[in-house]
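This briefing goes through one structure topic by topic, for a reader who has the sequence and the model at hand. Please look at the structure first and then follow the points below.

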Amino acid sequence: MRLVTWNCNSLSARKELVGLYLDEEKPDVLCLQELKLETDKVPRELFESRGYHVAVHGQRSWNGVLIASKFPLRDIEVGLPLADLGEARLIAATLDAPGTGSAIGPLRVVNLYCPQGQSVESEKFAYKLGFYDGLIAWAERARAAYASLVVCGDLNVAPGDDDVWDTKQFVDTPSFHPLEHQRLARLLALGFHDAVRPHIKPRTFTFWDYRGGAFRFDQGLRIDHVLVSKSLVPHVSEAWVARPWRKKKGELTPSDHAPVGIRLG
DNA sequence: ATGGTAGCACGGCTA
């Protein structure tokens, strides 16, 4: 089965593009971030008409996360208590994916939109660090409760030098800051592994700013991730960044992020 | 030249 994470940058602006993506790529599970829509404004039929189950944690104007799955979703959990300040940045659900082998069993999928952090001096950066602290505590409990876990989404952190187009541009800057790297390391130390990096070339990016022709010059960051619990690592047979979806499709304008996917089993 | 662009929502914030 194939699982994809994609920061779509507004589901209302990207509705047709997401529909086209579902029709052409047919992922089994699609985790979206930055819906910028209240839960009851999310066009569920976009997914349900194509045979997906949907779990939504929406928010007006900003944030908002969603899981669409060909397999039924249960035990849906939304929000990161205390750490998300009420913003819609986390949704989790369990699914039974047939064809992934009995070794996997029920799969707990966690879809995240981590704060961006604005600038190191800003209170948004402190919020980002606090969000990560809360996430680490939360993930530790999830790790104990579920054997097979996928943590994916826009984590807003580029892990290493090969994950930013120019490290000199990101000195003392959110998305590539030592305090964020510390927290990512603590998250991984709970027993999560970057499922994508072993399958892609260094300097494969997932986000390019709309400004300054960043995509044309490949001035990007790898901040969209799929992490898996240790027992799942041998089942990750493939991973990719769907770079063509960062380009305009006819009249349809792209998100500033590309979809990132893994194949399990 | 602290720029540039996109989305939300209609001035300014967020990314």
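Strand β7 (residues 107-113) runs parallel to strand β8 (residues 149-154), and six bridges hold the pairing; strands here are DSSP runs of E with at least two residues, helices are runs of H or I with at least four, both numbered from the N terminus, and two strands pair if DSSP finds at least two bridges between them. This is a predicted model, in which local features need pLDDT of at least 70 and side-chain atom pairs count only at pLDDT 80 or more, whereas totals for chains, interfaces and linings use all residues. Residues are numbered from 1 along each chain as its sequence is written, while chains are lettered from A and ligands numbered from 1 in the order in which they are written.

**The sheet that holds β7 and β8**

- The open sheet consists of six strands in the order β5-β6-β7-β8-β12-β9, with mixed pairing.
- Its edges are β5 (73-78) and β9 (192-194), each of which has a single partner strand, so one side of each is left without a neighbour in the sheet.
- On average, neighbouring strands of this sheet are turned by 20° against each other, direction ignored, where axes are lines fitted to C-alpha atoms, for helices over the stretch in contact, and angles between N-to-C directions run from 0 to 180 degrees.
- Helix α3 (residues 123-145) packs on the sheet and touches β7, β8 and β12 (224-229), its direction making about 150° with that of β8; contact between two residues requires that their C-beta atoms, placed from the backbone, lie within 7 Å.

- Strand β4 (residues 65-69) runs antiparallel to β3, joined by five bridges, and V56 stands opposite L66 in β4.
- Five of the six residues of strand β1 (residues 2-7) are buried, so this strand is largely enclosed by the rest of the structure; a residue is buried if 20 or more other C-beta atoms, placed from the backbone, lie within 10 Å of its own.
- Strand β1 is joined by four bridges to strand β14 (residues 260-264) in the antiparallel sense, with G261 of β14 as the bridge partner of V4.
- Five bridges join β1 to strand β2 (residues 29-33) in the parallel sense, and W6 stands opposite L32 in β2.

- In helix α1 (residues 15-25), the residues L17, V18 and Y21 are buried.
- Viewed down the axis of α1, the buried residues fall within an arc of 100°, so they line one face of the helix; the arc is that of the directions from the helix axis to the C-beta atoms.
- The cover over these buried residues of α1 includes α2 (45-48), and α1 is followed by K26, whose phi is positive, near 45°.
- L187, in helix α4 (residues 178-189), counts as buried because it has 20 C-beta neighbours inside 10 Å.
- Residues up to four places away in sequence aside, L187 touches L135, I136, A139 and F192.

**The surface near DNA strand B**

- DNA strand B is surrounded by 16 residues, of which the closest are S10, S61, Q116, Y210 and R211; a residue is near a strand if its C-beta atom, placed from the backbone, lies within 6 Å of it.
- The residues of this surface divide into four nonpolar, eight polar and four charged, where Ala, Val, Leu, Ile, Met, Phe, Trp, Tyr, Cys and Pro count as nonpolar, Asp, Glu, Lys and Arg as charged, and the others, Gly among them, as polar.

How values were computed
A residue is buried if 20 or more other C-beta atoms lie within 10 Å of its own, exposed if 12 or fewer, and partly exposed in between; C-beta atoms are placed from the backbone.
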